[in-house]
Amino acid sequence: MTAARALSRALLPLAAVACAAALGCDRPPAFERGLGAGQPLALDRHVVWTLRDQPALFTLDPASMRTRLDPLPATPTLTAVGPDRSGLLLLDDQPTVRWVIFDNGAPETVFETPLTGRYARVAFAPDRRRAVLFSGGADTGQVLQNPNQVAIVDLETGALVERTLRSFGDVPQSIIVSPEAVVAGAERQLAWALSNRYLALFDLAAPMADEVIVHLTLAGDTRTVAPTEVTLAEAGEGLAAFVRAAAADDIFALGFAEGEPGVVPRPYLNQLPAGQRPSDFAVLAVDAGPRVFAVEPSLPGISVIEPTTAGRVAVQSDLPVSRILPFEAERDDGTPGRFALLWQAGAAGVVFADLDRLEEQRGRALTPLVVGGSISDVQPIPGRRMAVGRVGGNRVVILDFDARTATPLDAADEIQALIVAPDGAAIYLVTASDDLAVLATDTLIASTVSLTEHFADVQQLLHVPGADRLVAVLAGPDTGRVVVAPTADLSPEVLQRRDGIFLEGVFDR
């Protein structure tokens, strides 16, 4: 864009205001309404905002700096990014559900379907094929509300089924959708509504089939054993569901006998001993076969459970742990390995676990790394046997489990946001003094550029991987202000700043 054109765009709203004030010409209605921009959302190649007061979907392509404004027929009440970041699910106050994809660059509405109820949350299937709307207190009339009503949406066709999940005096706290798979002899996509003391199991591939209620306690048991996590995984002769629940010492394993297509299979319940009150778990296929890894803060450590025999091996750690973050990385011989970070917020270190070797080597498969200070967050660096942790307000620590090192790096000011690139090659961060930095994970060399020269006040840092861009969203007027930087070349010369991006198109409507 030439300097003259940029100046012309910047002065256009001022010229319109001057026209209205000095010449008495008609003010466009758009001037009388705010924009009400929602939080920016990073897709694979775009950044998207919903404008509520002048209902529209605003899209920025950071690679080309092109923008689009697509009017919406009603005010968005919920905007959710699909699991592969290529689409948006929009709910509005009509109420309507709308699925918008960005496969060809520009937003394309696949369908818009009216709803009978109003919903506040969405759970996506991992394959992006289906979604479940829930937690809305769906209207059943002028007085009654139905919080157990859900809407099952086929994102490919727009087909919609609204139905009520039966309950025992409770409502779904969350919904987890399993991958589509052959379960009990038929292709199914099982979904789990988690409520206090029980699960409601239903099938998205057969949306009208009766759900199955699964109790985690006996009929006379008054305990509240609330399910908190569900994972569907291969175990023994077929797929099984593994459930962790609050106030329970066991991991519940739900197996399935052969069933009929179109009928939700009724699972049978087994209990796997997991020590005392496991706080987190993961189910993975390691070299020895399927295993359940349950983290036990009271040990402290981790249990390896064989799901068929319920055999348990408890391995104590040298540091407190309460979370498990599994990941994969290559071994020295090039073969894939299954690993995990074991950690606890506030602890002074992280434990690296070789999950393939843990059952056999026990404590020798755990590598503790201690840092100076309390860790508030940690995440694996993809493709590497490394991790990055945050300590205090302005320190990051690069954990290398092969070298058994923990290398600290201090920022000049408090770190506001930290993003690890999907390929693990870099770490991006922005500080409270508006310094934008990229750290190469292989060399630990950082390049930094100050945004203060751009009068920046960064509110949010977004990574748009398909465009290879960082987008810093700035504070200021509700007209849209961004600074865009290529991830491969972080220097002041290549920064692109745009002010008033929402105005481009709003006043042309």
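Visitor: Before we dig in, how many helices and strands does the chain have?
Guide: Some ground rules: this model is predicted, local features need pLDDT of at least 70, side-chain atom pairs count only at pLDDT 80 or more, and totals for chains, interfaces and linings use all residues. Residues are numbered from 1 along each chain as its sequence is written, and side-chain values use heavy atoms, with hydrogens and water left out. Helices (H or I, at least four residues) and strands (E, at least two) are DSSP runs, numbered from the N terminus. On that basis, the chain comes to three helices and 44 strands.

Visitor: And what percentage of the 509 residues is buried?
Guide: Buried means under 20% relative accessible area, exposed over 50%, and partly exposed in between (1.4 Å probe, protein chains only). Across the 509 residues, the buried part is 51%.

Visitor: Leaving aside neighbours within four places in sequence, what is Leu 199 in contact with?
Guide: Contact means heavy atoms within 4.5 Å. With those neighbours set aside, the list for Leu 199 is Trp 192, Ala 193, Leu 194, Val 212, Ile 213, Val 214, Pro 227, Val 230, Val 243 and Leu 254.

Visitor: Where does Ala 248 lie, and which residues does Ala 248 touch beyond four places in sequence?
Guide: Ala 248 lies in the loop between strand 22 and strand 23. Ala 248 has a relative accessible area of 6%, so it counts as buried. Not counting residues up to four places away, Ala 248 touches Val 225, Arg 277 and Pro 278.

Visitor: On to rings: how many residues apart in sequence are the parts tied together by Trp 49 and Phe 502?
Guide: Rings of Phe, Tyr and Trp (its six-membered ring) pair if their centres lie within 6.5 Å; planes under 30 degrees apart count as stacked, over 60 as edge-to-face and the rest as tilted. The count comes to eight aromatic pairs, and Trp 49 with Phe 502 is an edge-to-face one, at 5.2 Å centre to centre and 75° between the planes. Trp 49 is in strand 2 (residues 47–51) and Phe 502 in the loop between strand 44 (496–499) and helix 3 (503–506), so the pair ties together parts whose separation in sequence is 453 residues.

Visitor: Is the pair of Phe 339 and Phe 352 stacked or edge-to-face?
Guide: The centres are 5.3 Å apart and the planes make 20°, so by the under-30-degree rule this pair is stacked. Both residues are buried. They also belong to one aromatic cluster with Phe 327 and Phe 401, and the pair itself is stacked.

Visitor: Which helix gives the largest share of the lining of the largest cavity?
Guide: A cavity is a set of points on a 1 Å grid over the protein atoms alone where a 1.4 Å probe fits but cannot get out, and lining residues have an atom within 4 Å of a point. Points are joined across faces, edges and corners, with volume being the space filled by probe spheres set on them. There is one cavity of 30 Å³ or more, and its largest lining share, five residues, comes from helix 2.

Visitor: What phi does Leu 444 have?
Guide: Leu 444 sits in the loop between strand 39 (435–440) and strand 40 (446–450). Leu 444 is not a glycine, yet its phi is positive, at about 60°.

Key:
1 Å grid on protein atoms, 1.4 Å probe; cavity = no way out; pocket = protein on both sides within 12 Å on 5 of 7 lines; lining within 4 Å.
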